[in-house]
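Please find below some short notes on the structure.

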Amino acid sequence: ENAALIGNTDIPKCVVENIRSTTAPPSRWTSNSLEDFSLFVILNLAQWPVSREALVTAGAVDVIKPIMTEGDLQGLKATMACAFLGAN
């Protein structure tokens, strides 16, 4: 229910844009930074079918797929989110 509500707002677009526009590599993101939190939100929304489409439409897969190569927590979160989003 909450995921459906959030999926119908601009939040998915905003969190994707936060990651798209960052200049810092994922390995330099601090805990609870805007980028770290945005990836966390993407991961959580990606788990719910009702909000998945909003993330796909916002371009989340193209933005987080490169992060999958990171060998740290950010890479793990990106890999899990891509799996939920059906990315290859």
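1. Helices (H or I, at least four residues) and strands (E, at least two) are DSSP runs, numbered from the N terminus. This is a predicted model in which local features need pLDDT of at least 70 and side-chain atom pairs count only at pLDDT 80 or more, while totals for chains, interfaces and linings use all residues. Residues are numbered from 1 along each chain as its sequence is written, and side-chain values use heavy atoms, with hydrogens and water left out.

2. Glutamine 47 lies in the loop between H3 and H4. With a relative accessible area of 33%, glutamine 47 is partly exposed (buried is under 20%, exposed over 50%, partly exposed in between; 1.4 Å probe, protein chains only). Beyond its neighbours within four places in sequence, glutamine 47 is in contact (heavy atoms within 4.5 Å) with Arg52 and Phe84. Its C-alpha atom is 9.1 Å from that of methionine 80, 33 residues apart along the chain.

3. In the packing of H3 (residues 34-46) with H4 (residues 49-57), Ile42, Leu45 and Ala46 of H3 meet Ser51, Arg52 and Leu55 of H4.

4. How many disulfides does the structure hold? There are zero disulfides, a disulfide being a pair of cysteine sulfur atoms within 2.5 Å. The sulfur of cysteine 14 is 20 Å from the closest cysteine sulfur, in cysteine 82, which is too far for a bond. At 44% relative accessibility, cysteine 14 is partly exposed, whereas cysteine 82, at 2%, is buried.

Conventions
Axes fitted to C-alpha atoms, helices over the stretch in contact; angles between N-to-C directions.
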